[in-house]
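I'll jot down what I look up, one entry at a time.

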Amino acid sequence: MLFNSIDFAIFLPVVFFLYWTLFKKNLKAQNIFIVFASYLFYGWWDWRFLALIIFSTLLDFTIGNFLKNENRVLRRKLLLSVSVIINLGFLAFFKYYNFFVESFVDAYTFLGSTINVSSLNIILPVGISFYTFQTLSYTIDVYRKELEPTKDLIAFSAFVCFFPQLVAGPIERATNLLPQISNKRSFNQNQIIDGLKLMLWGFFKKLVIADSLSPIVNDIFNNSSTYSSTTLIIGAVFFAFQIYGDFSGYSDIAIGTSKLFGVELMSNFKFPYFSRNIGEFWRRWHISLSTWFRDYLYIPLGGSRGTKFKNIRNVFIIFIVSGFWHGANWTFIVWGIIHALLFLPSFIFNNNRKFTNEINLLNSFKEFIINSLRIFQTFVFVTIGWVFFRSESISQAFLYLKRMFFDFSSSLYVHPSGYRMVDYYLILISFIVFEYFIRNNERNPFYFKNKFLRFFLYVVMVFAIILFYDDGVDRSFIYFQF
Amino acid sequence: MFKIIKKVLLYIFLIFLALELLVRVFHLQNERPNRYADDKGVEKWVPNQEEYSVTGNRRQNVGKYHINNFGFNSVHENYSPKKDATEIAIIGDSFIEGFHEDYTNSLGQQVERNLVNTTVLEFGYAGYDFADELHLIDAYDDLFDKIDYSFIFIRFTDDLERGNYEISSRLSLDTPISKAVKQIKLLVYLKDIGALDPLLQLPGKIINFVSRTKLKNEKTDEELKKEALVKERLRFKNFKTLLEKYPIDKNKFVFLLDSSLCSDEFLNYLKNNSYKYLDLNSILSDSVKPSTLIYDQHWSKSGRKLIAELIVNYSKKHFID
């Protein structure tokens, strides 16, 4: 079920109403209802894959409880390995099987031999990368004795399948979400209103920014060999905003929806395009994934301890794995390598955590110029990376960049359906300006004290959603494919 | 719980009011005139209505219309042919009606301006098919007898679905309730841009879900071809049936059509039976600029200009000279 569908528009109020009326008094009943609603939400897309979630839930619940009673190191390691191998095995099969087979065949062909291995027609279960990482985090935390395993299977099931964040995150930690689900939630009007506001902001980002740019981006990337450099720049920049609007919009809707049920999810985006270097960008972009990799991969590998060579190796591993997590394509791996290379200088010179303070461009003219240039530079680097992320193949990405930078030409770009392009430039500029004003309030974009200003903003958001509504556009979320 | 529901509903209502205001201020909604059937049973627009027809979410196309005393969109208030001038009639559906352009620059006006001492009388009405058009000509035969020659616009794929005339169900669109709903401009606007489609399609979706109706398997190419052939034959048959009932003067009436939409059998019939037709296909398909609008299939400014030129040239060659 998509957040931006009529199905969800009916589902959500019904679930919300029943949750706070019929099931309000009994936590167990409330959690059973969450599980039921979440399975319905997921099964709406394809009920057959529910079995995978249920299996994964039972597996990690059981292993977690075994781990509690097991003190022998070897056995504990074995139990953890079972969880990791089975969970990642599912992920590998559904997401990467064809990639490995095709890469294997390509490698053989490259060496002059031919091999006949057929790939399978595998459907990728929506959200598998997200819930696999979520359940894995639980088992690893229990293994590390950082978390007491739960004995409540229903609460654990609700933690794994909690519908607002089931298919595209934020990837929650058991330490944050499980206690909220295991304890009684109280009806908090302010929290619910905050949730609704965040949902509105999320819908704006998805429907106005991401969905309206999508046909333009598709047109430019699909016909990149015929377009001029200026058009390719538009394509790359628009994609940067499309993917941001799409994914951060989804995250905001998810966080907002969770608030309606008395649950606080972690923030996933903190205005990443205002980052002053790549290190800061990764502290602001897809936070739940980058911190997951930090805690469960980078630190176990040694993190920034040990020799410089090991540190650099760890940086590359984390970025390459992060790229590979996004999809079974070499383009994602190259995207990861690019970010590793961009991150490396600040990492080597120990200034990757230089910018942890809040951004303020208007302190002084000098600061405005310097910080604007830093933000612009980071955005350019990130956007070059997005070209690989969006391209079908590495060669297409290189050709795109070659035409963009080295075969410079300019021409006026016309929207594929003939719409006024100025509308899109204006909405993007307005979006950036508004994001600057709310840059410290990712969980409360309508934080302004003035009631009328807030109401004016709600109206503007809804009005923009209508003005840019396009019934011909594909409304699914980009990150569903990951 | 109920306090919050009340608050949310209040905000929804206030936002709705604000949006209604914005839609009116920016005139985003499309205004449709009211319809009626006259005493001869001909469906028309209620005379003397003037408004703007708007297309697209963000006013991508705006045209002013004026419904004359006769009930059609035109600069000419009354259709009374004079003996010392040439009168041309153009009859057709929404393409001829031309709500997508100011009525002062309609297709008919563009033709009229390029011909000497000629008046072009426009009989365009959205949804007219061949049966409607022939019924109109028959009902007003005294008028059409005085008009020197006429162009009848037909789209083979849409306008020949029936072989007899009956007053259409379109009139039921103008019930008192629908007229009242039309006053809520936000709803009109949302409906036009398709934003209400998911809601309007919901009952059907629920019925399908409950009755577990599954979509039939896709048809094979051969089945589709067969189906298309059957439809083509039926349209051709309807064309002949209608002309038998409402015969027209082959010297005075010219069909305006796009040959790429027509069957060969139909085109051959026209040729073999001395029916005149003016083919729009080549000028529209050869056009460098888009000949249709962004949001719908109707002709754009340049498309209309090309067709006007075609009619003018044809008229000069076959009628005026």
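This is a predicted model: local features need pLDDT of at least 70, side-chain atom pairs count only at pLDDT 80 or more; totals for chains, interfaces and linings use all residues.

First, a term I need: pLDDT is the predictor's confidence in each residue, running from 0 to 100. I looked up chain B and found a mean pLDDT of 89, with 97% of its residues at 70 or more.

Residues are numbered from 1 along each chain as its sequence is written, while chains are lettered from A and ligands numbered from 1 in the order in which they are written.

Next, the whole complex: the predictor gives an ipTM of 0.82 and a pTM of 0.85.

Then I looked at how chain B is built. I found 13 helices and 9 strands in chain B; these are DSSP runs numbered from the N terminus, H or I of at least four residues for helices and E of at least two for strands. The C-alpha trace of chain B spans about 80 × 50 × 45 Å along its principal axes.

Last entry: where the chains meet. I call two residues in contact if their C-beta atoms, placed from the backbone, lie within 7 Å. Chain A puts 20 residues into the contact and chain B puts in 21. On chain B's side, the elements giving two or more residues are α1 (2-25) and α8 (197-200).
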